[in-house]
Amino acid sequence: MEYFLIEEKKLSVKLPLPYKRIDKKEIKDGSRVPEAFVVFGNTDDFFEEVCRNIRHLGSSKVYLKPVIFFAERKLSPRVSAMADEVFSSSELDEDTIKFELKKISRINDAIRKINPIEDEKEDDLFLRVLRFIFTRDRRVEPVRDRTSFFGITYPAIESFFSKEDYALFSTLEFLEENGSIEGEFFEKVHLCNKCHCSFLNFMEVCPNCGSASLFEESLVHHFPCAYIGPESDFMKDGQLVCPKCSKKLKGLGVDYDKPAVIHKCNHCGFFTQEPDVKTVCFNCERESSPEDLIAQTIKIYTLTSTGKNFAIYGFESPLLKALSEQLNILPYNSFLTLVQLELERSKRYGVESSAIAFQIKNLNDIYAKLGKKTDNLLKEIGSLINMATRKSDILSILNKGTILFLLPHTPLKGAEVVKNRLVIEVDKLIKENVGINPITESSISEIPKKEAKEPEELVDELLKNLKQIEYKEE
Ligand SMILES: [Zn+2]
Ligand SMILES: [Zn+2]
Ligand SMILES: [Zn+2]
């Protein structure tokens with residue numbers, strides 16, 4: 001079995017492995033699949049870039065492959081944790097490498113367990129991440145890192161996302177919510193509620209005018225007359241004199257003490273013992289109060305047996321799961337049988353019936369944005385469909401989340417109304433609750449009364465005609 005070697009600079013010694021040199025631009029799908037990728041270099045950036053390129057490939061046979069770093073220099077803890085194995089270049093002896101390669105073959109064995117019947121290309125990010133966790137057979141651990149946008153990151157899976165992508169956290173939340181992984185509390189980080197950056201300035205501000213220009217001074221308590229006031233009020237020609245009884249102060253602890261500290265606003269002159277706290281984001285400058293920040297819980301994650309099962313065979317569709325709670329969703333084969341019956345009825349009795357296909361193309365973006373709140377949204381979509389259809393309508397869901405409807409006794413015009421209502425309502429729901437524009441596509445077809453048609457043909461036609469519809473909001 002061959003290894004692919006990707007170099008930042010030329011490796012001067014020979015690797016004690018069968019290998020082939022490739023350029024980083026040659027990391028792509030479709031080419032020969034190596035046993036593992038070996039990366040040689042000396043900068044964090046190079047290792048990170050190569051790792052990211054590999055993890056972004058489409059085929060699970062390649063993006064899951066082990067990645068080994070040979071580093072000339074000590075890498076940061078974050079970048080080191082991206083690799084399956086890190087060697088320093090002084091460790092390039094045969095025995096060390098042979099020993100560590102056992103781990104590589106363990107990962108490759110796990111990759112082979114993954115359902116091979118599926119599509120070559122995988123676009124479900126949740127599944128990609130879960131499959132990675134499954135094949136690594138280790139906990140997903142956070143690493144504190146001052147160069148990370150979030151201050152803390154999961155290096156092992158970070159390369160599946162683009163830089164500074166909050167989906168890293170919502171993906172893990174989603175996987176925990178659907179039972180694939182289990183989290184154990186690690187810590188909480190505060191993130192900007194606009195851009196998710198963790199680089200925040202916490203500052204004390206005047207409760208009266210909001211200015212951060214505060215002057216801090218001690219309160220002075222004069223024992224003989226019990227007067228309390230800020231130290232500056234006592235100052236007279238470089239000496240402390242009580243503004244109330246005009247006596248000269250003798251000494252701290254003798255006739256006065258300093259019971260507390262007080263803040264004076266340089267802007268409006270307001271005195272306070274409890275200034276407000278405000279945060280400013282160093283990245284986007286959003287000002288916020290601490291309680292409005294995102295308190296992101298960071299956990300250490302472990303794969304569950306459900307997760308193992310999902311990793312091997314793929315997820316049950318969250319859409320199917322949520323819709324099945326309120327609607328009768330038929331398996332695709334039964335749906336086709338009913339379409340067949342409807343085709344015959346239409347031909348024989350001239351019944352006017354129709355079919356609709358409907359899909360939300362960017363469902364994965366929505367999952368990534370909502371994380372564990374996705375389920376509620378999908379249930380809402382279920383109720384919308386429930387309201388737009390009748391009990392006698394027949395529904396089924398295809399793999400990629402396309403919903404098929406058979407509407408018996410519904411002429412094309414009536415089906416058009418149902419379809420438009422669905423598109424408008426779902427669009428509105430997602431815009432309001434997710435804050436992103438859904439990309440919905442739909443199509444409609446009449447059950448032919450004269451020509452003979454196979455049910456599969458009818459569905460193919462619906463799928464082929466799927467398109468985004470334009471409508472104007474009232
Ligand atoms: Zn003020
Ligand atoms: Zn006094
Ligand atoms: Zn920000």
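**View 1. Strands β17 and β18 pair in the antiparallel sense.** Two bridges join β17 (residues 276-281) to β18. Pairing requires at least two DSSP bridges between the strands. Strands are DSSP E runs of at least two residues, and helices are H or I runs of at least four, numbered from the N terminus. Val280 stands opposite Glu287 of β18. The model is predicted: local features need pLDDT of at least 70, side-chain atom pairs count only at pLDDT 80 or more, and totals for chains, interfaces and linings use all residues. Residues are numbered from 1 along each chain as its sequence is written, and side-chain values use heavy atoms, without hydrogens and water.

**View 2. Three strands form an open sheet.** The order is β9-β17-β18, with antiparallel pairing. β9 (200-205) and β18 (287-288) are the edge strands, each pairing on one side only.

**View 3. Helix α4 crosses helix α5.** The axes of α4 (residues 94-113) and α5 (residues 125-136) come within 8 Å and cross at roughly 135°. Axes are lines fitted to C-alpha atoms over the stretch in contact, with angles from 0 to 180 degrees between N-to-C directions.

**View 4. Domain 2 and domain 3 have centres 73 Å apart, taken over C-alpha atoms.** Domain 2 spans 207-274 and domain 3 spans 318-464. These bounds come from an automatic or database domain assignment.

How values were computed
Chains are lettered from A and ligands numbered from 1 in the order in which they are written.
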